[in-house]
Amino acid sequence: MRYGIDLGGTKIEIAALANDGRIRLRRRAASPKGDYRATVEAIAALVEAADAELGARPPVGVGIPGTISPATGLIKNANSVWLIGHPLDRDLAERLGRPVRIANDADCFVLSEASDGAAAGARSAFGVILGTGMGGGLVYGGRPIHGINAIAGEWGHNPLPDPQIQDGLDERPGPQCYCGRRGCMETYLSGPGLAADHVRHGGAAASAEAIAAAASQGDAAAKATLARYVDRLARGLGTIINLFDPEVVVLGGGLSNVTKLYEQVPQIWQRYIFSDHVATRLVKNKHGDSSGVRGAAWLNPAEGA
């Protein structure tokens, strides 16, 4: 058995995964936003409660919205900025008295989907989280690719490709990103990015999900916002396909529920991909909200049944 933990900006989730992939326990708690020590304690409380319920002490895998720097051993690149600069794996291992492995949440997501989800059987896959932030992760041959700098798949902090300047649309230099640069793909393709784009073009303030729903009901402003989003997503994924050429691209996060993406993005990305034919499949995740914790659990070897 393994524990997987999905550490998000608003919630922390734990799942106990049996060797056959069945989830034996699943619990959630609110993230102590802005408080690192309280975050460590919140994770510990979930783990200890699971121990008591299951009568076991499995190893722990944690998916985070960032990564561990190979240079310092500290968290970097986290949009949950209170994690940055801390040795989260070491602090958790000391607090829990057992091994703890940490990986980027997008790496956990795509590992889950490649193991027994929407990308099962594919040799190569790119996983995308389109949510509060925008993560990406790569799997090849059943193993996540982390890279020498631990940033493989971090497409969200590349500039939006082929910025458009036409029909009143000017994508340069782009919105300010928390990373310090402007025009990162995350500022356009995350849920808040889509919502902000809608407002910039005269739409009423609303969540990304509400805008997508309004577009499906024929609202003109929402349809225009979604059309811009589809083209930008096609541009971004076109760049990934040119570089990595995956068999499957799997979408996760709240915007993965927008069904039009799976039809419209592959129709458009051909114009941005350097190939006469694109066989890459764009698919929705299989495990939904469970993918993050499942992938985190798969980071560790099995113990027990």
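Which residue forms a salt bridge with Arg28? It's Glu13, with the closest N and O atoms 3.4 Å apart; a salt bridge here is a side-chain nitrogen of Lys or Arg within 4 Å of a carboxyl oxygen of Asp or Glu. The model is predicted, so local features need pLDDT of at least 70 and side-chain atom pairs count only at pLDDT 80 or more, while totals for chains, interfaces and linings use all residues. Residues are numbered from 1 along each chain as its sequence is written, and side-chain values use heavy atoms, with hydrogens and water left out.

Back to that pair: Arg28 sits in strand E3 (residues 23-30) and Glu13 in strand E2 (residues 11-17), 15 residues apart. Helices (H or I, at least four residues) and strands (E, at least two) are DSSP runs, numbered from the N terminus. Glu13 is buried at 0% relative accessible area, whereas Arg28, at 45%, is partly exposed. Buried means under 20% relative accessible area, exposed over 50%, and partly exposed in between (1.4 Å probe, protein chains only).

Across the whole structure, the search turns up 20 salt bridges. One of them joins Glu41 and Arg95 at 3.0 Å, N to O, linking helix H1 (residues 36-54) to helix H2 (residues 88-96) over 54 residues. Glu41 is partly exposed at 39%, and Arg95 is partly exposed at 30%. Asp116 and Arg294 also meet in a salt bridge, at 2.4 Å, N to O. Asp116 belongs to helix H3 (residues 105-116) and Arg294 to helix H9 (residues 291-298), so this contact ties together parts 178 residues apart in sequence. Here Arg294 is buried at 6%, while Asp116 is partly exposed at 24%. There's a salt-bridge network too, whose members include Glu171, Asp197, Arg200 and Arg228.

Phe126 and Trp155 pair edge-to-face, at 5.6 Å centre to centre with 90° between the planes. Rings of Phe, Tyr and Trp (its six-membered ring) pair if their centres lie within 6.5 Å; planes under 30 degrees apart count as stacked, over 60 as edge-to-face and the rest as tilted. Phe126 is in strand E8 (residues 124-130) and Trp155 in the loop between strands E10 (143-145) and E11 (165-166), 29 residues apart. Both residues are buried.

Then there's helix H6 (residues 208-216), whose buried residues are Ala208, Ile211, Ala212 and Ala215. They cover an arc of only 100° around the axis, which puts them on the same side of H6; the arc is that of the directions from the helix axis to the C-beta atoms. After H6 comes Gly218, with a positive phi near 95°.
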